[in-house]
Amino acid sequence: MPVFTMTSAADMSRRILLARLCGAFVSGSAMLAYAGPLSANERYRLTLQVLAEASRVETKAYHRYVAFARKAKADDYRGVAYFFIALATSELIHAQNYNTVQSSLGGEVNSYPMPEIKLGETKSNLIAAAKAEINTIDNVYPDVVDKLSREGNEDAIEKAQYALKSHRQHKALIEKILAYAPIFFETVARRIDESSNQFFVCRICGSTVDAVPEKTCPICGYATLHYRPVDRSAFMR
Ligand SMILES: [Fe+2]
Ligand SMILES: [Fe+2]
């Protein structure tokens with residue numbers, strides 16, 4: 001029959017008191033330390049993984065469009081070059097948005113090395129870009145939003161919605177490029193040249209337009225003062 005000595009009873013009392021004070025769980029003689037609430041980067045583990053991958057993809061798209069713009073400019077397709085510069089500007093904002101959310105959740109923001117870019121003629125670059133944009137709209141972003149929704153971080157979901165909606169903004173144009181550029185590239189390039197006098201990009205969400213909306217940004221809802229004209233010579237130096 002177990003006999004408690006005065007010392008062991010006092011010791012047990014101290015342990016129970018300590019356990020109660022610390023919110024610990026005591027089972028028999030075992031005491032498990034209370035771990036405390038989860039930190040943001042533990043709670044949003046999947047979110048941080050998805051944001052890191054989305055940032056990598058957007059950063060790669062940015063570098064790719066800059067390379068395509070330089071090639072188009074060298075080939076004297078100035079409108080197409082400017083179109084790529086506008087897309088690159090938007091992609092950079094998407095990547096920066098993800099990096100900001102990662103930092104706020106205690107995640108590590110990676111600096112990605114320059115990706116290997118398959119550079120072809122401007123015609124094939126334009127078609128490759130159009131295919132990539134359609135894939136981003138139809139497959140990549142719905143998957144990103146679905147995964148982010150599982151942990152429910154509103155900031156991360158909002159930034160992914162910004163990116164998805166701003167990519168969708170030019171879906172009709174991208175579909176036309178995809179339909180006509182393989183056969184009528186010169187006509188398509190001339191049309192882009194004629195229609196791309198000035199692009200504006202919303203610095204909050206990456207929305208890309210050829211005329212600043214009257215009141216607020218249709219994607220992020222912020223004032224239109226956040227729309228800035230895209231500089232034709234940006235990234236060209
Ligand atoms: Fe993007
Ligand atoms: Fe916006």
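Both E91 and H94 are buried, where buried means under 20% relative accessible area, exposed over 50% and partly exposed in between, computed with a 1.4 Å probe on protein chains only. This is a predicted model, in which local features need pLDDT of at least 70 and side-chain atom pairs count only at pLDDT 80 or more, while totals for chains, interfaces and linings use all residues. Residues are numbered from 1 along each chain as its sequence is written, chains are lettered from A and ligands numbered from 1 in the order in which they are written, and side-chain values use heavy atoms, with hydrogens and water left out.

**Iron sites**

E91 and H94 lie three residues apart in helix α4, so about one helical turn separates them; helices (H or I, at least four residues) and strands (E, at least two) are DSSP runs numbered from the N terminus. Donors are N, O and S atoms within 2.8 Å of the metal (3.2 Å for Na, K and Ca), and sites may look incomplete because water is not among the atoms.

The iron ion (ligand 2) is coordinated by the SG atoms of C202, C205, C217 and C220, at 2.3 Å, and its donors follow the spacing C-x2-C-x11-C-x2-C. C205, in the loop between β3 (200-202) and β4 (208-209), and C220, in the loop between β4 and β5 (227-229), are 15 residues apart. Ideal angles for four tetrahedral donors are 109.5 degrees. C205 counts as buried because its relative accessibility is 0%, C217 is buried at 2%, and C220 is likewise counted as buried at 13%. A search of the whole structure finds zero disulfides, a disulfide being a pair of cysteine sulfur atoms within 2.5 Å.

**Aromatic contacts**

The whole structure contains eight aromatic pairs, defined for rings of Phe, Tyr and Trp (its six-membered ring) with centres within 6.5 Å, where planes under 30 degrees apart count as stacked, over 60 as edge-to-face and the rest as tilted. Two of these pairs are listed below.

| Pair | Centre distance | Plane angle | Class |
|---|---|---|---|
| F68 and F84 | 5.4 Å | 65 degrees | edge-to-face |
| Y82 and F199 | 5.2 Å | 40 degrees | tilted |

F68 in helix α3 (residues 45-74) and F84 in helix α4 (residues 78-104) are 16 residues apart, whereas Y82 in helix α4 and F199 in the loop between α7 (171-195) and β3 are 117 residues apart. Ring pairs link Y65, F68, Y82, F83, F84 and F199 into a cluster. The charged end of R232 sits over the ring of Y82, 4.1 Å from its centre; this term requires NZ of Lys or CZ of Arg within 6 Å of the ring centre and within 35 degrees of the ring normal.

**Nonpolar core**

Of the 34 residues in the largest nonpolar core, Y65, F83, F84, L126 and I177 touch the most other members; such a core is a set of buried Ala, Val, Leu, Ile, Met, Phe, Trp, Tyr and Cys residues joined through side-chain atoms within 4.5 Å. The elements α3, α4, α5 (122-151) and α7 each give two or more residues to this core, and α4 gives the most, with 10 residues.
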